[in-house]
Amino acid sequence: MDPLSTLWETFFDWDSMRAALPEMLTVGLPNTLILAISAALLGSLLGMLLAVAGISRTRWLRWPARVYTDVFRGLPAAATILLIGVGLAPLGMQVWGPNPYPLGILALSLIASAYIGEIFRAGIQSVEAAQLEGARALGFSWGEAMRLVIIPQGVRRVLPAWVNQLIALIKDSSLVYFLGLVASQRELFRIGQDHAATTGNESALLLAGLFYLTLTVPLTHAVNWIDRRLRQGRPATAAEDDDALALAGQNALPGDAAARASTGRDER
Amino acid sequence: MSTATGTTTPVSLSVRDVHLAFGANRVLRGASLDVGRGGTACVIGPSGSGKSTLLRTINRLIEPDRGDVLLDGRSVLGDDPDALRQRIGMVFQQFNLFPHMTVLRNITLALRRLKRLGEDEAAQVARAQLERVGLAGKADARPAHLSGGQQQRVAIARALALQPQVMLFDEATSALDPELVKGVLGIMAELSAGGMTMVVVTHEMGFAREVADTVAFMDGGVVLESGEPAAIFERPQHPRLRRFLSEVL
C-alpha cells in the first residue's frame, strides 16, 4: 500500500467518522459547549473582579489579584486542570458527589479568569481619566462611574481580545479528559480519542477537529468583524466636520505657547 | 424655586484661602474668590497658574489641603462630595461626553440614576435642555458625530439638566475652532444673564470683559488681583497682570 493511501485511510475513513458522528453530536458537542460556555461566563465574571481589584488603590485587593493572575497564567492549563480536579476532588465529593465535571468547569474558569482579567484591566485602564472626571463631576460615586461609564467603554475596546480568549477556552475544554469523565460527560476530543483507540483509526479524531473548527472559525471571523466595527466607530474617523477640531484641541491644552496662542481669539 | 433659566435659586460662592500641593509642587497658595448670587466670575491668568485646579476644589474633584469653600456662607467641605457635585455643574475643555452613549443618554444617565427620574421624565428634561442649547435634533446622535461646538453644547445641557446652583466652566472654548467658539460663548452669556452663579476659567478676554461681574487674575496659585472687568482691563494694578494683559490683548 502506498504511503498516500495509508494516510488517506488513517484520517479519512468515512466509516469510522460515520460511526463516531452520532455520539459526537449528542454527547461530545453538548459537553464541549457546556464546558466552554460555563467557563466563559464564570471566567468573565471572575476576570472582571480581578480587573477591578487589579486597579484598586487598596493594595490588599491589588496584590492578591496580581499573584492570582501570575500563578494561573503561568501554569500549563493541563497542570492546573489536574491540580484542581484531583486536589479538590475530596471537597468536590462532598458538594457534588463523585463527579469531576464541575471541577473541570471550575479549573477552566480559573485559568480563563486570569487571562480575561488582564484583558479587562487593559481595557479599563485605556479609558481616558477625563471620562472618570466627567462622571464624578455629575455626582456619580467612584463605583457608579466605573460601572456605568468606564467599564462599558473599556470592555468594548477589548472585545476582540476577549473573543480570542473564548476561542482558547473552547480548545482548552478538551483538557478536562484528564479528570476521567464518565461516558455521558465526554467532550468532542475524548469521544474522538476513544473511537480512535477502539478502531485504531484516527478519522474520528479528525472529525472532532472539524467540530472544533466549526465552533472556532466563525468566532475568529466574529472577532475581525467586531474589531472592524470598533475601529470604524472611532470618533476621529466618524466625526463629520470636526477633524480639524481634534488638532485645535491638542494645541489648546495647557502649555505656555499654546495657551498664549489661543488667547488671540477673544472675539465673541 | 425656579428662575428664568430653569435652574434652582442661585447661591453665592466664596473660596477662602485655599492651599493645595502635589508633593513639592504647591499649585494653590492661598487662593480666594468671591462670586455673588447670580454673579459671573471669570478667572484669567497664564497656564500653570492654578486656575483649573482652583475650579476643581470648588466641586471637590480635588480636595484642598487647607482653606474653605462656601455656598451661601456655609462651608461645603463637610458635605457628601457626590451630593455637592449635583449642585455644582461643570463643563470641561474636552467636553468629557460619554462616547458610548447617545446625546440623549449622556444627559438622562444622571437624571435617572442620581435624580431617580423615570425614563420618560428624564428624556423630557433632556430634550428641553437640548432645545435650549439649539440641539433638539441631535438627541439620538453619538457625540463622535457632532462638531466640537455641538459636543460642548451637549455638555452644557448635561450639566444644566441637573439644575445646578453654580456652574463651573474650565476653558470651555479652548478646544474649539474659532468659528465654533461664538455659539458656546453665547450660551454661557445667556446663562449668566439668566442669573446663574458661574465661575469661568477662560482665555476669552472679550467674554470676560463683557459678561463677567468680577474678573480674577491668577498667577502662582493665588488670585493676585480681582475686580470689575473695567478695572482689571483698563486700570490693572499688579505688574504681573499688566504684563499678562500686554501679552494677550
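User: Hi! Which side chain does the side chain of His203(B) join in a polar contact?
Analyst: The side chain of Glu171(B), at 3.4 Å. A polar contact is a pair of N or O atoms within 3.5 Å; within protein, one must be able to donate a hydrogen and the other to accept it, and residues adjacent in sequence count only if both atoms are side-chain atoms. Bear in mind that this is a predicted model, where local features need pLDDT of at least 70, side-chain atom pairs count only at pLDDT 80 or more, and totals for chains, interfaces and linings use all residues. Residues are numbered from 1 along each chain as its sequence is written, chains are lettered from A and ligands numbered from 1 in the order in which they are written, and side-chain values use heavy atoms, with hydrogens and water left out.

User: Is His203(B) buried or exposed?
Analyst: Buried, because its relative accessibility is 4%. Buried means under 20% relative accessible area, exposed over 50%, and partly exposed in between (1.4 Å probe, protein chains only).

User: And where is His203(B) found?
Analyst: In the loop between strand S8 (197-201) and helix H7 (205-211) of chain B. Helices (H or I, at least four residues) and strands (E, at least two) are DSSP runs, numbered from the N terminus.

User: New topic: how many helices and strands are there in chain A?
Analyst: Chain A has 14 helices and 0 strands. Of its 268 residues, 42% are buried.

User: What about contacts in chain A with a separation of 6 or more: what percentage comes from residues 24 or more positions apart?
Analyst: Those residues account for 75% of them. Contact here means heavy atoms within 4.5 Å.

User: Which residues have the most contacts inside the largest nonpolar core?
Analyst: They are Phe140(A), Ile44(B), Leu130(B), Met167(B), Phe169(B) and Met188(B), in a core of 99 residues. Helix H6 (residues 101-126) of chain A gives the largest share, 13 residues. A nonpolar core is a set of buried Ala, Val, Leu, Ile, Met, Phe, Trp, Tyr and Cys residues joined through side-chain atoms within 4.5 Å.

User: Which residues does Phe140(A) touch?
Analyst: Leaving out residues up to four places away in sequence, Phe140(A) touches Ala135(A), Ala145(A) and Leu148(A), along with Asp82(B), Leu109(B), Ala110(B), Arg113(B) and Leu114(B).

User: How many residues of H3(B) are buried?
Analyst: 8 of its 11 residues, so H3(B) is mostly covered. Leu109(B) and Ala110(B) are among the buried ones.

User: What do the buried residues of H3(B) pack against?
Analyst: Helices from both chains: H7 (129-138) and H8 (142-157) of chain A, plus H4 (119-132) and H5 (148-161) of chain B.

User: Which phi does Phe95(B) have, positive or negative?
Analyst: Positive, about 70°, although Phe95(B) is not a glycine. Most residues other than glycine have a negative phi. Asn96(B) also has a positive phi, about 55°.

User: Where do Phe95(B) and Asn96(B) lie?
Analyst: Phe95(B) lies in the loop between strand S6 (88-91) and helix H3 (103-113) of chain B, and Asn96(B) is in the loop between S6 and H3 too. Phe95(B) is buried because its relative accessible area is 9%, and Asn96(B) counts as buried at 5%.

User: Last one: where in chain A does Leu7(A) lie?
Analyst: In helix H1. With 48% relative accessibility, Leu7(A) counts as partly exposed.
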